[in-house]
Amino acid sequence: MGCNFKARHSAALSVLLPAASIFIWPAHLWIYIIFIIWATAAAWFWIYSERKQHKRSMTEAILQAQSTTVGILNHHRHDWMNDLQVLFGYAKMQKIDRLLEYMEKVKDKMTAESGIAKLGVPALVYYLQSFRTLTNMVELNVIIDGPIHLNELELDAKRTSNLLIGIMDAYRIFVKPEYMYNAQLDLHLYKDEQKLYASFHYDGELSNEEEWKKTIEKLLQDTAMQTTGSIVECQDLLLAVELAV
């Protein structure tokens, strides 16, 4: 990208040479012809380089999205294979009580994934589904009392989703690595007739809690969703936004 940027600007600046020649030899027609050809060539090179850079950026973005999607699918496949093996093991050993108990656990997992898929904001759904591909130091658990369709509520769904993503990113970025266990982050979404609530519970430590607080405060500056109290500690954070009637 840097080389492409320099090449475009070098081509643009090179037009100054024939432009200066016009002031030195204003009576020569061929100088004007050279200037027009030179400027046209520089403009064409600028447009060509910009389109080439855009195409390269789009290709990289698509490859990144494909890689993330493959990672998501692999994680889900791994989880479901583990669940099937456990269910098969209980069935083989005829441990019916444990089998039924684990089936309830699988049912709860399916309900949670269904709730995420119904949130209605693709960016948020994609982020929640791909969280495990972003870090292996924080385990995210999503609980949705729903169904909740953010895109159908009387609020700015995109801004609300960006805030939730930003907060989860803050926990992910400032997590303090532990050797014995991963940090746990719970996101609980629920609503009543007046408000939508987002409750975060964090079980772990942060590498810099003060910077985490500043990040959260900055995220809250440009959104209608606010904390129900002051940001005192990272372990529990409750946000709420009024729903228009």
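**Pockets and one arginine**

Guide: The lining of the largest pocket comprises 8 nonpolar, 7 polar and 7 charged residues. Ala, Val, Leu, Ile, Met, Phe, Trp, Tyr, Cys and Pro count as nonpolar, Asp, Glu, Lys and Arg as charged, and the others, Gly among them, as polar. This is a predicted model, where local features need pLDDT of at least 70, side-chain atom pairs count only at pLDDT 80 or more, and totals for chains, interfaces and linings use all residues. Residues are numbered from 1 along each chain as its sequence is written, and side-chain values use heavy atoms, with hydrogens and water left out.

Visitor: How is a pocket found?

Guide: Rolling a probe the size of a water molecule over the atoms shows where empty space is left. On a 1 Å grid over the protein atoms alone, with a 1.4 Å probe, a pocket is an open set of points with protein on both sides within 12 Å along at least five of seven lines; lining residues have an atom within 4 Å of a point.

Visitor: What volume does the largest pocket have, and which residues are closest to its centre?

Guide: The volume is about 640 Å³, counted as the space filled by probe spheres set on grid points joined across faces, edges and corners. Closest to the centre, of 22 lining residues, are D79, R132, L140, N141 and V142.

Visitor: Is R172 buried, partly exposed or exposed?

Guide: R172 counts as partly exposed because its relative accessibility is 23%; buried means under 20%, exposed over 50%, partly exposed in between (1.4 Å probe, protein chains only).

Visitor: Which residues does R172 touch?

Guide: Leaving out residues up to four places away in sequence, R172 touches Y127, F131, L134, T135 and V138, where contact means heavy atoms within 4.5 Å.
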